[in-house]
Each structure stands twice: as C-alpha cells, then as structure tokens.
Amino acid sequence: MKPAAFDYFRPASLSDALALLAKYKDDCKILAGGQSLVPAMNFRLARPAILIDINDIAELDYVHADDRGLHIGALTRHAAFHRRVVDGPLGALFSAVARHIAHYPIRQRGTFAGSLAHADPASEWCLLATTLDATVVAKSARGERAIAIGDFFNGTFSTDLEPDELLAEVHLPPMGQGWRTGFYEFSRRAGDFALGMALAALRIEAGVVREARLGVGGVSDRAIRLRKLEERLVGGAASQEMIDTIAREAWASVSPIGDIHATPEYRRDLVATAVKRALTEAAA
Amino acid sequence: MNWIGRSLPRLEDPSLLKGNGSYVADRIGNAASVRFVRSPLARGAITGIEIPSGTVVFTGRDLSGVKPIRPILHRPDYVAIGQPVLPVDRVTFCGQAVAVVVAEDPARAEDIADRVFVDIEGENAIVDLDAALATGTAPVHPEAVSNVLVEGRMKTAGLDTAFEEAAEIVTLELRSHRQSAAPMENRGGVAVYDVASGRVTLTASVQMPHMLRTGIADALGMTESDLRVIAPDVGGGFGQKMSLFPEYVVLVWLARKLKRDVAWIEDRRENFTASAHGRDQAFSLRGAFAKDGRLLGLDADLRSNVGAFSCYPVTCGVEPLMALAELPGPYDLAEYGVRSRGVTTNTCMMAPYRGVSRPMLTFSMERLMEVAATRLGIDSVEIRRRNLITAFPHRSPTGLVYDEGSYLQAMEAAAKSVDLPAFRARQAAARLRGHFLGVGFSVFSERTGYGTPAYAARGMEIVPGYEIVDCTMDPSGDVVLRIGSSPHGQGLKTSLAQLVSDELGIEPHRIRIISGDTDATPYGWGTFASRSMVIAGGASKLAAGKVAHKLKTIAAQLMETTAESITLENGWARVSNSNQATAIGVLARAAYHQSHRFKGLSPGLHESAVYDPGGTFSNACHVAIVEVDIETGGTRIERFIVVEDAGVLINPMIVDGQIAGGVAQGIANALFEEIIYDESGNLLTASFADYLPPTSAEVPEIEIIHMETVSPESITKAKGVGEGGAIGAPAAVVNAIVDALSPFGIQLFELPATPQRIREQLRRAGVATHG
Amino acid sequence: MASKFNIDLTVNGKSHAVSIEPRRTLADVLRDDCGLTGTHIGCEHGVCGACTVLVDDKPVRSCLMFGVQAERKAVRTVEGLADGDTLHPLQQAFWENHGLQCGFCTPGFLMLAAGALEENPDMSDDEIRDVLSSNLCRCTGYQNIVKAVRIAARALRAGPRA
C-alpha cells in the first residue's frame, strides 16, 4: 500500500498555489490535511500526478469572527475548534461537533475546508455547513467567486469547484445569543463516520420558534437540509409532540442509501432518531 | 523465595517500550522487495498473465516444481485439497496470489504489480456456506463434489428416546459471521540467502517456526538443514500466524532462485483478503429438555465455511471437528447426536482463530439454555445449575475426559458478584425511564494444553502436541532455556522464567529464554491452543528440575550430605537444618571445571526434557450487563465480569492480561467485527474503516475473579488461559442484549449482534423510531 | 518518474539528511531512511495508529503525511521518549501495569499519550479513555493501557522528570 509516484510542490503563497493550479488543473490535487486524500493514495484509489501542498501558506491559516460571521481559512485544522473560536452558540456547536470528527491525531492535521472539498456525505462539517447556510469562497488565478453551500456539493466526493480553483475560505453567518443548537450522531465506534446524524438550530423567543435550521447527514450522497420541516417548526413551540412530528416526517421524507454498514431501512430509523435527539437538545 | 504467583513486570518489555523491538519489518536490511499480484476474481480459469517487459515477475509456471500445500487427515470423510503456491490454471478466491514481483523497493514493486494483467475467465463463485451445500452447485474443487472437505458424525444410543421423553424441545438456527484475527502486525517474511553455504534464513512473523521449516522444505524438496526459520518479535497472531502460507514458500524459492535476499511485508488489505479467516459457521440445534430444565439430549447439524483451501498443518478439520467434539461444553449431557461438516467455498481460507469454534458453540449452547429457561419458566442461573458438570473426572458423550474444574462454583461466584436481585430491581426501574438494561451469563469449558493423543485422535498426519526444552546453567550460574515453543506477544518468557526460578533458586532476570529459531532451539510446535504455559511450562519445569537435581547432587558431595537435604533458594544451595550453604554459582563452576570430582555425574549442567500431557480443562463464567438503545440498536457494556479457573496462576498480571485481551476480542465478535463478501466473492471489508475492531471507547473495564482448581493433569498446576476470554464473551453479551429486550420478546441468534441487526428485530416487533 | 528531494529531517533533536521521493510517507522515511524502526506500520490508512509520532509536538499519523512535509518540523518518535536509561513516566507505567503484550501498537500509544498529555496535562479519566480510542490494540483489551496513562498523567503532574 504505497502511493503511486507524483510530483510535489509546496508553494509559500496563495498566488503561487493558484498559478500551479492554473497550470496543472485536473492533473493535480491540493494537499491540505491529507487525512482523506493520503489513505486514498495509499490504497491507490487516488493517483494524482501532482500534489500541491498548501501547508506552508500562512495566509490560509486563520479563523476569525466579525459582524458578518465566522471566516475559516483553508488551513484551519479540526483541532482548532476544540476551543471555542467564537463566543456564543456557534462556537459551542463547532466545539461539540469537532469532537465527533475522527480521532485526536486526525484532527491535528485534517482541515475544515478540506472536509468540504472532499465532500464525503458522512462528514460532520459538510452537514454543519449545509445546515447553517455556509458560503464557500473559491479562488483561482482567474479571480474569486462565492458559492452558496446549496450549490456546492454535487454528490459523493464531488463539488462545484473547477479544476483550477482552491477552496480558500468558508464563511458562516453569525448566530446570535438567541440561538440554541443540537447535534446527534450515531456511529459504530468512537470516531467512525456517521451512519446517521442530524443538526438542529432553533431561535426561540418566549417559547416560540422564530427561526429553525435542520439538516441530516450520512443518509444520501450529500447532507440534506430539511427546509420544509424547518418551516413546520417556525411559529410554534418546540414541544415533545412537535419534535415527534418532525422526526416522523423526516423519517418519511428521506430515501437513504444502503451499504455494508446500514440498510436503507436502518438508516431511515437512524435519521428519525437523530432528528429527534438533535431537536430535543436544541429545544432544551 | 517463590516467584510463581507474583505479578512480575515482564522481562520482554523494556526493549519493546523503547522502540527496540525487532519485528520482521525491522529486519529487511538490503533485501529486494517482493509484491504478490493477486486475483481480482474469486473463481475462474487463468487464460494468460501479461508481464511488463524489463521486470522480474514469476508465475505458477515458473514454480512448477514446487509441491502444493496439501495437509492430510487420516479419516475416511476427509478430502485432501492441494493449494498451489501460485496457481497455473485456476483461481479459487479473490486475493489469491497468482504472480510475484521482485523490485528494489516496495513502491516500485507495487508499480510493477499494477501493470501485471491477469486474464481470467470468470465463473460464478460460491461464497455462502449453505449455497455451497445446495445440490447442483458446481464444486469448488473437483475432488469434493459436494463441497464437503471433512465430515464427522456420531449418535449415542439413547438420543431418540431422550427426544421422545422430552417435556420441551428447543430448536435453534444460529449463525456466526466470518471474522479476522487482525493482529496489529501483518504477516511478513525476509529470506536471506547465504552465498557461501547456499542456506536460506527465513525470518517471518509466525507462531510455528519449526513447522514452517518442515512445510517449506517439503514443498521445495530441500533438506530441512538448508533452511533456518526465525520468528522474531511477533506482533500478535491469535492463530492467524500458525499456518504455512504460499507466500513463505515463494520467498524461500525466490531467495534460492535469485541468490539474493528478498522481503515481503504484507499490507493490511492483503491481510484481510488473503491471510486467513474464521468463525463463518451455521449451527442447527435441537435440545431435548426435561420439565425441570435438565438437558436430556442434543442433536446438532454444524456447518463451517472453511474457505478455498485447507490450512497446514492443522487442516480444515480444525473448526468442524472441534465443534463436534466440544459442543456439549460444561454440561452433563448423556445423549448426543451430531453431524459436523467443513464446507469449501471461493473465499479466503479458514485457519484457527483464538477460541476455534468454541465462541460459536458456547454462544449456541448458552442461547439454547436461555431459550429453554424462558420456555420452562426457570431462572437463567438455575437452569445451568441443574445441568453443569459437578463430578470429576467427567466423561463427555464424545469421549473427552474433563479433569477437576469449578463450573458450578464459578457460576455461583459470578452471579453473586452482580447481585442479581439488586440488578433486577434496577432493571425494572430503568425500564420505566425508557432505559433497557440486561444481564447475560455464559458458562464454558476450555480444553487446553493437550498433547499428541488429542491430535492423533483427529487423524492428523502431522501430530503436534509435545514440547521439548533444553535447560543449561552456565559456569557463572546463569541459565539459558531453549524452547521449541514460540511466543507471539503473550509474555511467555517472563512466565517461564518465574517457573524455572523456583526450580533452581535463582532470580528470573538470570534466565535467558531462546525461542523462535530453528538453529537454536529443539523441535517444537509453537504457540496455539492455549498450550504454552501448560506444555512448554511443563517441559521447562522438568528440564530445570533435572538441572536442579544435579546441582543438589554436586552440593551434597561438596557439603558431605544427601541431595534430599539440599534446597535451592536465593542463589544458594542450603543444607536443611544447618547453616551450611554453597553459592549456586560455585556449584555451577564446579560442575564444569571440577567435574572429575563428581563420581557418576556427567560434566556440565545441561538437561533436556519433553512434556506431552493429555490435556486439562479450564473453565469460566462470564457475565455482561449491557444497555441497549432501542432507537438506534446501539449497545453499551456497563459491566463485564469474568470468573476464571485456570488453575494456579504463575504471573497473575499476565493471566489477567490474557483474559482481558480475549474478552475484548469476544466483544468484537459479539458486536463489531464481520468480514463481508459480495455475492461474487469480492471482499467488501478490506480496511479498518469497514472491518471494525473496537477501541478503548467500546471495551469496558473487565472485572476478573480467580478460582484455582489444582489438576493432576498439569505438572505446573497451571491450566491454559489464552483463549477463554474470546470464547465466553459473545454468549454473555448477546444473552444480556436479549434480556434487556425481553419486554419486546426479541431473540437474537446471529453474531455479531450489530446495531442494525438489533434494530431490525425491534422494528419487526413494532418499535418505531419515528413515533 | 518524480525526482527525489534532498531534505534535512529533525528527529528527536537530531538532523538526518535524506534523499526521498515525495511519495514516501513519513512512516517509511523514519523507518527506512532514518533507521528508526520503533515507529510501526499497521494499516497505512490512518486507523490503527501504530505509526503515531509527534510533529511539532502534535500526535499525527505518520502514514498519512509525506516525509517531505516534515521538512523544518520537529519530529519525535518513541526512540526519543526515554531519557537515556531512564524510562519516560509513560513507559514506566506501561511496564508496571502490563500496558503491552505483543508491543506492536505500543510506540503509537506512547506517542499519542505523550502528545495529548503535553497539550492537556489535566485530562480527566474519561478524556484519557476518549483520546486513547484513537489507536487500536489487539492484545490488551485496553484497560491496562488506560490505567497506565492515568497513572503516568498523575506522575507527570506531580513533578518534573528527574
């Protein structure tokens, strides 16, 4: 299990990286954390001719918050979220979710943006980004464009990024103090990818849900935002009865995939459970 | 000073802790890299192999003079199958080595292997056990038209009557899915060619180095003395590293052919696809119970999927024949009927894996007891109480003789340790809050430390069992023990040193143990079947005892007394009831340098001994307390208790380590690990992302209670303990899950009891997650 | 064919000049080019953790990093853990508490625990068990590993090494 040969570049600046991308396009892959890419290369499932290692590009290593929300540079590692990167519910949610991502050593290397670019449907960050209206900033030698997360994932391991584009930043809108969140994931072992998971965020005022975000992951070829159920939640109380209703409708609305780890029927059961538990946590 | 019974920190550890362990991959030196090209299909005819020009690649045609690996059982119902080291015309499982590449480094060898194209005319593969038994199936091997490679049957005279008289007949279909031992170190070998002598030294990660040498020499038609096999530090084996695999034969062939050093270090994907599997078994059981819960008769149809070939030397009979012989387990059963078959399929070969059949047969018997208890309205503990063996020696219906054990006492101690009445109250209260807790018991026997008679009874052509140990005390009073056995990480050297220390009255660190080198150790069988402490330990005690006797004789002559009045302790030979003493070092020096003084004694202190015992049964009771999440099917083991009787403990810390490690593998068997093929015979679980050994987050603390029944069948008074943890745990865990889910009337008869399988039963029982 | 890179690798404070293809993982470079075979390779896909080493004090899978990426970084392996003949408190605790059997996973567990305890010396017992779930062991059933790390954590908190 040794990787096929490749050429290697480690540019020191973003502009150098983008120039290399422009030059090699489909022949090259970006190496950030490498925690998904390198296993695929060791199995020779991925055989890029050229790797562009962005780990020396200091200008991509940042995470900061401003009144527009949270900005996460391409080199921000999962472990950066062990501590709260922003005050309030968003930072707390990031910390809680980060602890479900693989294991401690993987989190030291793997990056948030890399998870999105890799587009594994069972990825926690893909679910979080999908549910919380993230925007992806893609940069290339041609310029820069913002991609709404709903337009970003094309399917399993497939995104809207062009061959010469680098996922440079992920932006999340701010989440005020009125928001509460819940996350539930079921996996076989600690650190495994989710067989089913859900993320919920509710803004509740005087017992009434004013805004809601609800997404599920590990179910199909990408994370799914359950917008209709969000609409059902808004305007009422996040009661046990309402939560059960939403879980039932989530169960009915998804058409999960089956694989060796879980049949469609089982995944559907997990989705309902995950939605119920994530909402219960958010409503608590 | 007694060393036996102390938790001495292991002598093996300091080098391992500092990174100075020496595993096979650490001994490659300048060897060329070997990579095997493996079949992408499970079954078909090889029509051509395209080899890239300018590369060093060999195929089965190049190795046409090499004999296939063909282990033999002398039984009328056994069909011998030869496994070609590299096949010429047919592939029989996906992952089978079909060509071998030699290159300057592993990556380049893999580059070349990627470019070797094997043309195969694919055929429908037979993957599933019962599909292989269906009539009209094209046989995997023409020699075995029914796909049955070995079959055993027996029936006692009164079985039919037992069923006629039964108050309750319980019929069960049980299934254990396939597993891999998955040692942390994969297989691997380095074959070093000595130009001067033409000898080859094969260093390999194996459990039976002497057997490997015999097998390779036979296959290549070379004399054994031209081959030296070394087992260095071995990173776990659990049975997987017992067998002779084609790769090792090819390595030695390559070294001789190319007259250069070659190394193959298996990768994890190869280990999953092409090493060995186990536990792929389907059992159909009928139990005849009296009204009071006594098991009157047992009728069983046992099928084991042995894969594409028969493992050398123990053969594909290892699972089916173990199942046949030991199914009754710890229960006093009079009437028994059984048919047990080993079935060949287009899958990776079955070979022994820690426990061998007994995890499944214990699971089966313990599920049977639970179902019968429920139907008859008898408590779980009580039904076992009425059936366990209590008189010794006990003769089972299959003729096995059980020595002294503590079956009933161990179970009673286990029941006491969980405080069953208190647990039932807690369980009831938890259910009201929607928490489902259950308790599960598993009582079993573990036949350990058996010598040649047991293996001969199976009809094995190669009959393992004994161990030879050479014990030498040098002139300075230090000891070298050369053992034929070969540890794979279990701390055998420390335990043997403790045994020998007590015989010779010197400290363990003055005893050096040499193992795993055919040039430096007497012929021996290695490590498997929970035998090392009993058999290698017994031989060590005997050999050291002979040296001790000679030391005492010398001491007696020097101090003008009798040998019987001498004791050896703390480095001294002391005359009892006197102050007279001589240092053992002085005696040792005299034995070599003043030998003329000792009439009737040969010079030096060198003795050899053989031990070949009949076998001894360990026993244990496992108890699991498990919580089940009825919405996800997830499980959490809250407590796990082991009451173990493995006789006298030589090193309690090491014994506990064996138990805890075994239980972890048993929990894996119960809940997590499963080798899955698709219907074409492609392996779908070829990584640790798909095959799931549990981590520290899933394995609970294991609580261990010891009983120490002393058996006359073991001269060290120790019984074997290597496999018991793995044997008992699956039954205890699944019984606990079923108990937890008893409000829903759910039964489980399949291993592993994955969340999906548990949830499926709950869904069928009407427990929805979306209400 | 990709050209080789000539780099200086700092391992356990010592510089190693190596000439390596970019495809060589850090695990292979440490073992084959630096001769430090204490770092073991168990799966080469980042799950088992036998190859865990510290890179700039963080535990990482050396099978999921290329050797060239470790240029200008401080790599620490199991060979650098003991202080001469004095075992590191983790090594001592593993020895005294039977935290290893075959020893193959042991270097990875030691480096994982060393890195995690350096980042957070005050890990709770539960946090220790959680961090240790990063690596696989097939022999011990984990409990003696967990116990050894808890004991070593206390020893490390109690005072600096002699």
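Biologist: With which residue does A:Lys2 form a salt bridge, and how far apart are the closest N and O atoms? Please set the answer in the context of the contacts between the chains.

Modeller: The model is a predicted one, and every value below is computed from it. A:Lys2 forms a salt bridge with C:Glu44, and the closest N and O atoms of the two residues are 2.7 Å apart. Across the interface of chain C and chain A, the rule finds four salt bridges.

Of the area that chain C buries against chain A, 24% is supplied by C:Arg23, C:Leu64 and C:Phe66, more than by any other three residues. Polar contacts across the interface of chain C and chain A amount to eleven residue pairs, both residues being at pLDDT 80 or more.

As for chain A itself, its domain assignment gives domain 1 (7-53), domain 2 (58-172) and domain 3 (179-283). The centres of domain 1 and domain 3 of chain A, taken over C-alpha atoms, are separated by 35 Å.

Chain C also meets chain B. Here 54 residues of chain B are in contact with 43 residues of chain C. These two chains bury about 4,000 Å² between them, 56% of it on carbon and sulfur atoms. On the chain B side, B:Leu17, B:Met184 and B:Ser696 supply 20% of the area buried against chain C, more than any other three residues. The rule finds five salt bridges across the interface of chain B and chain C. C:Arg31 and B:Asp26 meet through their side chains in a salt bridge with an N to O distance of 2.8 Å. Between chain B and chain C, 28 residue pairs are in polar contact, both residues at pLDDT 80 or more. On the side of chain B that touches chain C, the elements giving two or more residues are helix H1 (13-17), H2 and helix H17 (652-672) of chain B. H17(B) gives the most to this side, with nine residues. The residues of the side of chain B that touches chain C divide into 28 nonpolar, 14 polar and twelve charged.

Chain A and chain B are themselves linked by a salt bridge. The side chains of B:Asp114 and A:Arg44 meet at 2.8 Å, N to O. This pair crosses from helix H2 (residues 106-115) of chain B to the loop between helix H2 (37-42) and strand S3 (50-53) of chain A. B:Asp114 counts as partly exposed because its relative accessibility is 31%, whereas A:Arg44, at 7% relative accessibility, counts as buried.

Further salt bridges lie within chain B. The side chains of B:Arg175 and B:Asp128 meet in one at 3.8 Å, N to O. This pair links distant parts of the chain, 47 residues apart: B:Arg175 is in strand S8 (residues 168-176) of chain B, and B:Asp128 is in the loop between strand S6 (117-122) and helix H3 (129-133) of chain B. B:Arg175 has a relative accessibility of 18% and therefore counts as buried, while B:Asp128, at 37%, counts as partly exposed.

A second pair in chain B is B:Arg639 and B:Glu703, whose side chains meet in a salt bridge at 2.7 Å, N to O. B:Arg639 counts as partly exposed at 25% relative accessibility, and B:Glu703 is partly exposed with a relative accessible area of 30%.

For the structure as a whole, the search finds 89 salt bridges over all chains. The pair of A:Lys2 and C:Glu44, with which this account began, is one that joins chain A to chain C.

Note on methods
Residues are numbered from 1 along each chain as its sequence is written. Chains are lettered from A and ligands numbered from 1 in the order in which they are written. This is a predicted model: local features need pLDDT of at least 70, side-chain atom pairs count only at pLDDT 80 or more; totals for chains, interfaces and linings use all residues. Side-chain values use heavy atoms; hydrogens and water are left out. Helices (H or I, at least four residues) and strands (E, at least two) are DSSP runs, numbered from the N terminus. Buried means under 20% relative accessible area, exposed over 50%, partly exposed in between (1.4 Å probe, protein chains only). Contact means heavy atoms within 4.5 Å. Buried area is the accessible area (1.4 Å probe) that two parts lose on being put together, summed over both. A polar contact is a pair of N or O atoms within 3.5 Å; within protein, one must be able to donate a hydrogen and the other to accept it, and residues adjacent in sequence count only if both atoms are side-chain atoms. Ala, Val, Leu, Ile, Met, Phe, Trp, Tyr, Cys and Pro count as nonpolar, Asp, Glu, Lys and Arg as charged, and the others, Gly among them, as polar. Domain bounds come from an automatic or database domain assignment.
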